[in-house]
Amino acid sequence: MKLDSLKINREKYRLGIRSNIFLGFAAFAVIILVLLWVFQISMLNTFYRYTKEVEVKNTADEIIYTLRSEDYFDQIKEIARNKSSDILICNEYGIVEVLVTNVKSEVFDMLSPNAAALMYSQTARSGGSQLVEIPKQKKQKNESTNPSEGQIYQQHGNDNGNGNESLLYCKCFVNPAGESRMVAVNSKMKPVDATVSTLKIQLICLSFVMIILSFGHAIILSRKISRPIESINESAKELAQGNYSTEFEMSGSKETAELAGTLNIARDELSKVDDLRRELIANVSHDLRTPLTMIKGYSEVMRDIPGENTPENVQVIIDETERLSSLVNDLLDISKLESGNIELEKITMNLTQITESIMMRFEKLADYQFNFYHGKDVWVDADELKITQVIYNLINNAITYTGEDKRIDVVQTVENGKVKISVSDTGEGIPQDKLVNIWERYYKVDKAHKRAQRGTGLGLSIVKKILDLHGGSYGVVSTIGKGSTFWFELEVVEPKKEI
């Protein structure tokens with residue numbers, strides 16, 4: 001009871017597909033907005049600093065590579081202008097060889113040889129390169145415009161970057177002449193506070209617009225996606241209640257329309273099965289009632305009327321009992337075959353001899369002509385009992401339908417490594433539009449046909465199930481007014497040699 005109660009509560013609070021789609025889109029919109037605020041506002045300084053660091057390092061590498069050219073000085077000036085940077089190249093003694101300035105910074109203005117030499121030595125001690133943040137210099141009255149050595153250097157990481165004047169990147173290298181040199185690139189850092197303020201205003205406006213658009217889009221899209229599924233769900237509930245006239249509307253997306261089409265096919269098949277089930281009940285009721293009535297009637301006659309206990313009356317009771325046994329056996333066989341609980345016991349069997357033996361038994365029937373045409377004996381790997389049942393059912397079917405000459409022909413042929421057994425009658429034939437359903441259980445071509453007096457229509461269905469288990473092929477060829485030929489094929493094998 002507790003488990004059932006938990007299941008009921010869980011189903012009660014479970015969200016529908018429309019709510020799930022709406023909440024999914026809404027959550028997606030919120031995540032996008034959060035990411036925009038984080039990256040555009042909170043991490044803007046971090047991204048800007050990282051970009052500038054990469055830029056000055058790449059500029060230094062580009063300058064070192066440019067020194068291989070004869071017109072390197074012109075190229076360095078072009079690089080300085082494009083990158084908005086100051087560029088300095090000096091030797092270990094602080095002697096400046098190249099100096100190009102493009103930004104208003106005190107770093108390279110009136111730089112003394114001692115300061116340049118100190119920059120070189122510190123860079124060499126730092127592993128050949130260093131990145132320095134140059135803070136904004138505030139000039140005091142009567143203060144020299146030439147910054148001191150202590151004023152120039154503030155190591156990277158000591159400041160949060162707000163208010164920094166520029167980034168200075170120094171790197172030692174060996175020029176094409178084999179001489180040690182240092183390149184220094186100074187790039188001005190622009191304050192991002194104004195940019196952040198502008199972005200905040202834009203993001204606030206954008207957030208409102210995105211929230212309205214995303215929620216509106218989520219509502220429209222959730223309805224569009226969920227409406228066909230809700231319609232299919234309602235139709236499925238009606239189908240579950242036995243309403244086979246319900247129609248699954250093929251609308252919405254491709255997959256939803258295909259699902260509706262598949263359910264329409266399933267509805268038609270269920271309707272057909274239900275009709276066949278009703279027909280089976282009627283047929284079984286009739287087939288059971290008739291022999292039971294005969295058995296009861298003849299038994300009462302034999303009991304109540306002296307002299308009626310004759311062999312003929314006893315034979316009638318035996319015949320009707322056999323009809324009942326045949327009906328029950330067919331029902332049990334089809335039930336076992338459809339449940340998949342039957343395992344084949346395959347052996348190498350002589351199909352020709354088995355067919356001939358079956359034909360000999362049928363020849364005892366009066367007024368019927370049986371012909372078996374075959375060549376040499378053929379062996380197959382199969383379940384002997386099941387294949388015997390197949391041949392019996394096909395011949396019984398032919399006896400039911402054969403014409404006034406009461407002739408049944410059985411033909412064995414071998415081609416392309418397969419043996420084919422064909423059973424032909426001379427009856428009325430089967431219309432072409434009925435051949436598709438002839439192998440279905442309980443199906444009868446003509447309800448008024450005499451076949452309805454002899455069985456339930458399970459014989460051919462049993463044949464189909466057995467041959468499917470064997471991996472064999474089967475079929476029927478019929479011509480109106482000339483009769484029908486049912487056939488099946490199995491793989492031919494070599495007979496086992498007796499030791």
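Which strands does helix α11 (residues 384-401) lie across? Helix α11 lies across β7, β9, β10 and β12 (483-491), and runs at about 170° to β12. Helices (H or I, at least four residues) and strands (E, at least two) are DSSP runs, numbered from the N terminus. Axes are lines fitted to C-alpha atoms, for helices over the stretch in contact, with angles from 0 to 180 degrees between N-to-C directions.

This is a predicted model, in which local features need pLDDT of at least 70 and side-chain atom pairs count only at pLDDT 80 or more, while totals for chains, interfaces and linings use all residues. Residues are numbered from 1 along each chain as its sequence is written, and side-chain values use heavy atoms, with hydrogens and water left out.

The sheet is open, has 5 strands in the order β7-β9-β10-β12-β11, and shows mixed pairing; two strands pair if DSSP finds at least two bridges between them. Because β7 (369-373) and β11 (473-479) are at the edges with a single partner strand each, one side of each has no neighbour in the sheet. From one strand to the next, the twist averages 15°. Strand β9 (residues 407-415) is antiparallel to β10 and joined to it by 7 bridges. Glu-415 stands opposite Lys-418 in β10. Helix α10 (residues 351-362) also packs on the sheet, where it touches β7, β9 and β10.

Confidence is given by pLDDT (per residue, from 0 to 100). The protein averages 79. Mean confidence is highest in strand β10 (residues 418-424), at 95, and lowest in helix α6 (residues 149-152), at 45. Over residues 139-163 the pLDDT is below 50. Where pLDDT is low, the predicted coordinates should not be read in detail.

Notes: pLDDT = per-residue confidence, 0-100. Contact = heavy atoms within 4.5 Å.
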